[in-house]
Amino acid sequence: MTAVLPLSRHVLTALCPIRLTSGPDCDEPTAVARAFVRVQAALEAQLTALATLDRIEEAVVTAHGFPRVPLPRRSGLPDYAADAATITRYLGPGPAARRLTAELRRRQAAFVQAAAAAGMGMARAQEVRTARELSDAASHLLLAPTEARADLALKLAVLIAAGEATADDALAFPWLLLRALQANLT
């Protein structure tokens, strides 16, 4: 199945006050309508996974701070380093850089250990799994046969939600025209 970019929940919600309709001659929901229910469920699962990951990250950062070290002040503003290359670039290869690099590694190890104990690895794996399920659900919807005008409007809404990276994109080509076409269908 073709991978679909992450869907913007905000865009999809704004574009989908659409009632899910049935096919032309039956009471059953169309394939696209059924696929859209799957997309909505995948969005909810991803939102839950992201919220769990955010809570764990916040708790670890609150307890242990960010895995970085402060560099000597420059121009009155504190600088921080989160990698050894930044420390070496800022301080050179001397003993001060080696001490700061050792401190950074200690803080990073403590952070990684705390994150593992808090379940961050499992939470990240769950978020990746839900993102893949969302992509699969969106691909399935986009490839499902269209049986009604509402199906085409749903497909356009999902396509727009996958393509608009920012709110400013809504006013750019081709998203503005796709939104207009989607509005015409609804």
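Here is a walk through the helices and the nonpolar cores of this model. The model is predicted, so to speak of local features takes a pLDDT of at least 70 and side-chain atom pairs count only at pLDDT 80 or more, while totals for chains, interfaces and linings use all residues. Residues are numbered from 1 along each chain as its sequence is written, and side-chain values use heavy atoms, with hydrogens and water left out.

Let's start with helix α5, residues 120-143. Helices here are DSSP runs of H or I with at least four residues, numbered from the N terminus. α5 has 24 residues and reaches 34 Å from first C-alpha to last, close to the 34 Å expected at 1.5 Å a residue, where the expected span is 1.5 Å times one less than the number of residues. Its buried residues (under 20% relative accessible area, 1.4 Å probe, protein chains only) include Met 120, Ala 123, Leu 134 and Leu 141. Among what covers them are α2 (31-64), α4 (95-118) and α6.

Leu 141 also turns up in the largest nonpolar core, which has 29 residues. Such a core is a set of buried Ala, Val, Leu, Ile, Met, Phe, Trp, Tyr and Cys residues joined through side-chain atoms within 4.5 Å. Leu 7, Leu 12, Phe 36, Val 39, Leu 141 and Val 158 touch the most other members. Two or more residues each come from α1 (9-15), α2, α5, α6 and α7, and α6 gives the most, with 8. A second, separate core of 8 residues includes Met 120 and Ala 123, along with Ile 56 and Val 60.

Last stop: the loop between α6 (149-163) and α7 (175-185), where Pro 174 lies. The peptide bond from Phe 173 to Pro 174 is cis, with omega near 0°. Most peptide bonds are trans.

How values were computed
Buried < 20%, exposed > 50% of the residue type's maximum accessible area, 1.4 Å probe, protein only. Contact = heavy atoms within 4.5 Å.
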